[in-house]
Amino acid sequence: MHAEPSAGNRAEPGGERRPEPGGERRPEPGAEGRAEPGAERAARRVAVIGGGPGGLYAAALLKRLGPEREVTVWERNAPDDTFGFGVVLSDETLGGIEHADPVVYAALRREFVRWDDIDIVHRGTRHTSGGHGFAALGRRTLLAVLHERCRDLGVDLRFRTEAPPAAELATAYDLVIAADGVHSATRGTHADVFGPTVTPHRCRYIWLAADFAFDAFRFEIAETEHGVMQLHGYPYEAATEAGPGASTVIVEMREEVWRAAGFADLDPAQSVERCAKLFTDTLGGRPLRSNNSSWLTFRTVVNDRWSHGNTVLLGDAAHTAHFSIGSGTKLAVEDALALVACLQEQPDLPAAITAYEAERRPVVASTQRAAHASLQWFEELPLYLDQPPRQFAFNLLTRSRRVTHDNLRLRDAHFTEAVERDFGCLPGTPPMFTPFRLRDLELRNRVVVSPMDMYSAEDGVPGDFHLVHLGARALGGAGLVMTEMVCVSSHGRITPGCAGLYTDEQAAAWTRIVDFAHTRAPGTALGVQLGHSGRKGSTKLMWDGIDEPLPTGNWPLVAPSALPYGPTSQIPEALDAAGLAAVREEFTAAARRAADCGFDLLELHCAHGYLLSSFLSPLTNHRTDAYGGSLDARLRFPLEVFDAVRDVWPASRPMTVRISATDWAEGGTTADDAVAVARAFAAHGADAIDVSTGQVVPGERPAHGRSYQTPFADRIRNETHVPVVAVGAISSWDDVNSLILAGRTDLCALARPHLYDPHWTLHAAAEQGYAGPGVSWPVQYRAGSRRPQTGRTDGPKPRLSLGG
């Protein structure tokens, strides 16, 4: 496997390397002399199915910590059979190996190739980023080290031998470790218990090798008549006087490119020869070699459970993560460390297995999210080809969101500063504090306070709470502060506490808020989001029961189709021609009032299952007239509303549209649909697309995680070239800088961070040592523009080390 540099590969600010939360556990060396807890006594006879690195390492650790234990490994292949070439391991994993078994670590260390640089070659230009810190060795070498260690410890290794079925082993052994790989027979036989989900992806790839050592981790892009192909390469055997060394070479491309290029019709030898010709400059004309290599499609494996009685899954049998972040062997070895540690610590075997899964599952889920982001980046590689060269390189390096702007600046300040200069950052200016223009509105920075419903209005009138809430965020330094969804009619409210803009009293209250922001926080823009609740209206306040109907005082609901939101929701009336016209006029009347209030920007809310969103989704729009059916037809009414609002909204002021880029539900809006929707609104004059997801149907299954919605904004921006606002679990200024500098978004909208800290943007500037025009401290707060001093927690460093 190969790897991207994880944040833990290099020292973080503060100088200390730390494993990720929930990282690997390390069995304490010398434990074999201690009295054993219950779980240890319960695992006297252990069967291991599969002789890959994870299974072998688990066997070695178990035998080392319990010499009297009987441990048997079944491997159907010969000892030197392996279908990969090099293996990359992180510093965290190596640290775990060193602590748990110094003998294995010492043997591996003698074989490691170490290097710091990553080369990215695109359109004839090579960019090098340093400071990344990799260690790799040959897979055969790794297996040989583990074979020798297992034999020395007395593990029974049975090669060229098919393991008995796990169910049979489970009756004869105390513990069965199923480390039988991505095509695990154990997992397949007991799928009803493990609950596997296997997801195939869009690219074909092949593992090959070159008989010389690259001097860096290398990514190279080939643009061919058939489409884009890419090479991932890294050394795993150093060049010496005895030989030129060796490197892993992976060639990857989308399925349709693979077929168009004719690889489907080539035999393996022809494929290898063709790959060498594609990247002849990188290879210096040298050939590539195969080891029973074939073209593969990567599959992500996820299991609902990792255990079945006394049988437990480990490594690729339990989970897979794309090779572009190099996690397969790493995860398997860390699984082995954690499983053996839990056997040491827990009172019995069931508790140990439960603790193992509880410990490893969040770490694996985090890795799989990062791996999916990396995999998806390479699948969508054609979107980025026209980026400026250094930005393209930065985008590639930060693709998984584990390597960030700040982390990359720590590793290679020269490279990062060059990317910033190309982007247009003035010296000392973080990307988030560069200005951005929409029509006549210039935002002084790229931070947006996302719309957040406060459910605190009375009869739709925003009061003192809204003045303080929005005023505080305006004073907090963001370039743009958005209101909550402001409803265009009383029947268009979500709850009785929702704010509106359908009366003069409401308009006067909003004018007061806008005037405060413009007067007290000059340079901050205030935007209004106009929307209609549709079928999700007439519900309780969020904290009284989100999406639950009011017990009394309900108002009638309207929607594209007479479909209730949930099983207890009110059934809406399907809008007829007169109803459509009335709603359209409500939006335009609210937009006129918003313009008179002095709002700088207007956003049309077409997301989250509210009225306009429910026209867009096939799950909520079942109409058979001109407003239902195809995507173009479902777009018709939202576009009519947009056009009507744009006609009355001042031409100099920008309009944006918030969409749900996916419904996270079968049969709903897809990412392809979202691109078409964005393109349609842009064609009608939308200045930017605010890209959210979901909340359209109650049965959604979102893939939550850090910055989990940003790939949708990324794709829309780079496929349509329309400015976008990214949202969704963006929580740090480092994330904002990373996303903007990589060209994945133009603006970042943050919600919960601004609830936690109304002055989030000011504090982001202070923490980065920035005091330029992209942010301005109110004069009343200027004395607080530096972090308060804290008591010292560090002591003097020892000058001498006295060892025995």
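Residues are numbered from 1 along each chain as its sequence is written, and side-chain values use heavy atoms, with hydrogens and water left out. Because the model is predicted, local features need pLDDT of at least 70 and side-chain atom pairs count only at pLDDT 80 or more, while totals for chains, interfaces and linings use all residues.

The chain is assigned domain 1 (45-378) and domain 2 (433-774), with bounds that come from an automatic or database domain assignment. The C-alpha centres of domain 1 and domain 2 lie 44 Å apart.

His 319 lies in the loop between β17 (311-313) and α12 (328-345); helices (H or I, at least four residues) and strands (E, at least two) are DSSP runs, numbered from the N terminus. His 319 is buried, with a relative accessible area of 1%, where buried means under 20% relative accessible area, exposed over 50% and partly exposed in between (1.4 Å probe, protein chains only). Its side chain and that of Asp 335 are joined by a polar contact of 2.7 Å. The term covers a pair of N or O atoms within 3.5 Å; within protein, one must be able to donate a hydrogen and the other to accept it, and residues adjacent in sequence count only if both atoms are side-chain atoms. Leaving aside neighbours within four places in sequence, the residues in contact with His 319 (heavy atoms within 4.5 Å) include Val 301, Trp 306, Leu 331 and Val 364.

Helix α25 (residues 733-741) is largely enclosed by the rest of the structure, because 9 of its 9 residues are buried. Among the elements covering these buried residues are α14 (389-397), α24 (710-720) and β29 (747-750). After α25 comes Gly 743, with a positive phi near 80°.

Turning to the cysteines, a search of the whole structure finds 0 disulfides (pairs of cysteine sulfur atoms within 2.5 Å). For Cys 203, the nearest cysteine sulfur is that of Cys 275, 14 Å away. Cys 203 is buried, with a relative accessible area of 5%, and Cys 342 is buried at 1%.

Charged side chains also meet rings. The charged end of Arg 493 sits over the ring of Trp 555, 4.5 Å from its centre, and that of Lys 536 sits over the ring of Tyr 610, 4.8 Å from its centre. Such a placement requires NZ of Lys or CZ of Arg within 6 Å of the ring centre and within 35 degrees of the ring normal.
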